[in-house]
Amino acid sequence: MSETAITKQADEAYASPPVQRVARLLRHIAEGDAVNNMSQTARELGINRTTLLRLLHALEAERFIEPRTEGQGWRIGVGLITLTAQAFFSEDLVQTAVPILTQLSEALSLSAHLGVLDGREIVYLVRRVPNHAFASNIKIGSRLPAHAANMGRIILANLPRERVERLYAGIDLRPVTSHTAITPLQLHAQLDNDRALGLAWSDGNYEAGVSSVAAPIFDATNTPVAAINVTGQTTQFDGAERRAQIGAAVKGAARDISLRLGWCDSLKTNGANKDGGRPRPAQAAANNMRERSWT
């Protein structure tokens with residue numbers, strides 16, 4: 001008997017039919033079968049209706065499935081969603097990001113960083129630098145104002161607008177350079193543009209002669225939990241083709257990290273602005289009112 005056949009035979013010997021039935025049923029529901037037709041689902045799963053009914057009640061008791069709100073049938077429940085999210089979150093953000101940022105830095109010959117939002121500051125957790133004379137000298141643990149630094153901007157851009165307004169209510173937006181947003185309208189206009197692009201660009205916005213671009217990192221709940229960026233001399237960003245290359249690489253790296261954290265690219269925006277970043281006329285009028293009060 002071949003080694004493959006022996007391995008298969010051993011796997012079958014240790015298989016648990018009840019567990020396999022549960023797994024098949026959950027997969028069936030996740031793929032869109034609401035189990036409206038008990039007989040049909042039972043046939044497709046190769047079990048009888050009584051067993052199927054027992055499995056459904058057991059899974060509902062564990063909150064792995066729940067009744068559909070729009071009618072009869074079942075859908076995946078919050079218990080299973082939470083369990084899956086916890087499994088994804090158990091993989092450390094930094095541990096996940098380091099090899100991807102290392103590769104990104106080497107591919108673009110730019111310094112690469114990862115940061116998280118802490119209040120109104122962005123905190124640097126990862127720094128990877130290329131092997132040449134000019135490289136970022138920012139230290140791990142460094143803090144920069146989120147409204148002025150592009151990793152902070154891209155996280156703020158993907159948060160609900162109301163949360164950003166609460167975060168900066170009554171706060172004096174201090175300028176770092178002439179490019180820094182110092183009023184609510186300026187900040188939201190910048191965040192709207194960043195969100196529309198999916199990237200936050202900086203050309204001398206924080207330091208003269210230095211350019212950078214940042215992209216958001218999302219978790220399994222589609223919440224922006226971090227951001228990455230690459231930084232270098234402005235001359236290293238020269239030309240439309242080069243900027244397109246850098247932007248695509250940063251977006252791709254951010255997407256890779258997000259996927260490893262459980263994010264699904266079919267998810268929609270996290271409520272930052274359902275109109276794609278363009279305020280409606282009524283919203284613009286409301287913004288003008290906020291301009292006078294939020295300083």
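**Sheet, helix packing and local geometry in a predicted model**

Strands E7 and E8 are paired in the antiparallel sense over nine bridges, where pairing requires that DSSP find at least two bridges between two strands. Helices (H or I, at least four residues) and strands (E, at least two) are DSSP runs numbered from the N terminus. The model is a predicted one, in which local features need pLDDT of at least 70 and side-chain atom pairs count only at pLDDT 80 or more, whereas totals for chains, interfaces and linings use all residues. Residues are numbered from 1 along each chain as its sequence is written, and side-chain values use heavy atoms, with hydrogens and water left out.

The protein chain contains eleven helices and eight strands. Of its 295 residues, 40% are buried; buried denotes under 20% relative accessible area, exposed over 50%, and partly exposed the range in between (1.4 Å probe, protein chains only). The accessible surface of the protein chain amounts to about 16200 Å², and carbon and sulfur atoms contribute 52% of this area. Among contacts (heavy atoms within 4.5 Å) between residues at least 6 apart in sequence, 58% join residues at least 24 apart.

Six strands form an open sheet in the order E5-E4-E3-E8-E7-E6, with antiparallel pairing. Strand E5 (143–145) and strand E6 (200–203) stand at the edges with a single partner strand each, so one side of each has no neighbour in the sheet. On average, neighbouring strands of this sheet are turned by 30 degrees against each other, direction ignored. Axes are lines fitted to C-alpha atoms, for helices over the stretch in contact, and angles run from 0 to 180 degrees between N-to-C directions. Helix H6 (residues 93–108) packs on the sheet, where it touches strand E3 (111–118), E4, E7 and strand E8 (224–233). The direction of H6 makes about 145 degrees with that of E3. Helix H10 (residues 240–260) lies across E6, E7 and E8 and runs at about 30 degrees to E7.

Strand E8 is largely enclosed by the rest of the structure, because eight of its ten residues are buried. E8 pairs with E3 in the antiparallel sense over five bridges, and Ala112 stands opposite Val230 in E8.

E7 and E8 form a hairpin with five residues between them. Asn222, in the loop between E7 and E8, has a positive phi of about 65 degrees although it is not a glycine. Asn222 counts as buried at 7% relative accessibility. A positive phi of about 65 degrees is also found at Arg63, again not a glycine. Arg63 lies in the loop between helix H4 (49–61) and strand E1 (65–67) and counts as exposed, with 53% relative accessibility.

Val123 is located in strand E4 (residues 121–128) and is buried, with a relative accessible area of 10%. Val123 and Arg143 are 20 residues apart in sequence, yet their C-alpha atoms are 4.7 Å apart in space. Leaving aside neighbours within four places in sequence, the contacts of Val123 are Leu114, Gly115, Val116, Asp118, Gly141, Ser142 and Arg143.

Helix H7 (residues 150–157) is mostly covered, eight of its eight residues being buried. The buried residues in H7 include Asn150, Met151, Gly152 and Arg153. H7 packs against helix H9 (residues 184–197) at an angle of about 85 degrees, with the two axes 8 Å apart. H7 is therefore roughly perpendicular to H9; angles of 65 to 115 degrees count as roughly perpendicular, under 35 as roughly parallel, over 145 as roughly antiparallel and the rest as oblique. In this packing, Arg153, Ile154, Leu156 and Ala157 of H7 meet Gln190, Leu191, Asp194 and Arg195 of H9. By class, the contact of H7 with H9 comprises four nonpolar, one polar and three charged residues. Ala, Val, Leu, Ile, Met, Phe, Trp, Tyr, Cys and Pro count as nonpolar, Asp, Glu, Lys and Arg as charged, and the others, Gly among them, as polar.

Terms used: Areas by Shrake-Rupley, 256 points an atom, 1.4 Å probe, with all protein chains shown as cover.
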